[in-house]
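Dear colleague,

I am passing on the structure we spoke about, together with some notes on what turned up in it. Please read the notes with the coordinates open beside them.

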Amino acid sequence: MMTDTLERVRRLLAGYLKIPPETIGEDSKLDELGLDSLGALELVFEIEEEFKIKVPDEKIPEFRTVRAVCDGIEALRGA
């Protein structure tokens, strides 16, 4: 996984959740960080804007951990 992607995702999450980015690990579960379903949808919009990608609706449920989000972004950027 690219460190740049991880750092950008951590920064987006930290900004949305109002927590320090260093408290967000690769294996952090989004729901355990306090992200609810509405927050997850808003995060997807922010990811799409930040990374200039379109996240298909069927991919959104796969975004359960920070690592899954980063892997999904990398896969979509490579597609």
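The largest nonpolar core has 21 residues, and those with the most contacts inside it are Val9, Leu13, Leu30, Ile47 and Val66. A nonpolar core is taken here as a set of buried Ala, Val, Leu, Ile, Met, Phe, Trp, Tyr and Cys residues joined through side-chain atoms within 4.5 Å, where buried stands for under 20% relative accessible area, exposed for over 50%, and partly exposed for what is in between (1.4 Å probe, protein chains only). Helix H1 (3-17), helix H2 (30-33), helix H3 (37-51) and helix H4 (66-78) each supply at least two residues of this core, and H1 gives the most, with 6 residues. Helices (H or I, at least four residues) and strands (E, at least two) are DSSP runs, numbered from the N terminus.

Please keep in mind that this is a predicted model, in which local features need pLDDT of at least 70 and side-chain atom pairs count only at pLDDT 80 or more, while totals for chains, interfaces and linings use all residues. Residues are numbered from 1 along each chain as its sequence is written, and side-chain values use heavy atoms, with hydrogens and water left out.

H3, with 15 residues, reaches 21 Å from its first C-alpha to its last, close to the 21 Å expected at 1.5 Å a residue. Its buried residues are Gly39, Leu43, Val44, Ile47, Glu48 and Phe51, and what covers them includes H1, H2 and H4.

Two backbone angles may deserve a look. After H3 comes Lys52, whose phi is positive, near 55°, although Lys52 is not a glycine; Lys52 lies in the loop between H3 and H4 and is exposed, with a relative accessible area of 72%. Lys18, in the loop between H1 and H2, has a positive phi near 60° and is likewise a residue other than glycine, and Lys18 is exposed at a relative accessible area of 71%.

Leu17, in helix H1, counts as buried at 17% relative accessibility. Leaving aside neighbours within four places in sequence, Leu17 is in contact with Leu33, Gly34 and Leu35; Leu17 and Leu35 are 18 residues apart in sequence and 7.4 Å apart in space, C-alpha to C-alpha.

Finally, the largest pocket is lined by 15 residues, of which Leu30, Ala40, Ile60, Phe63 and Arg64 lie nearest its centre. On a 1 Å grid over the protein atoms alone, a pocket is an open set of points where a 1.4 Å probe fits, with protein on both sides within 12 Å along at least five of seven lines, and lining residues have an atom within 4 Å of a point. H2 and H3 are the elements that give two or more residues to the lining, and the largest share, 6 residues, comes from H3.

Best regards

How values were computed
Expected span 1.5 Å × (residues − 1). Contact = heavy atoms within 4.5 Å.
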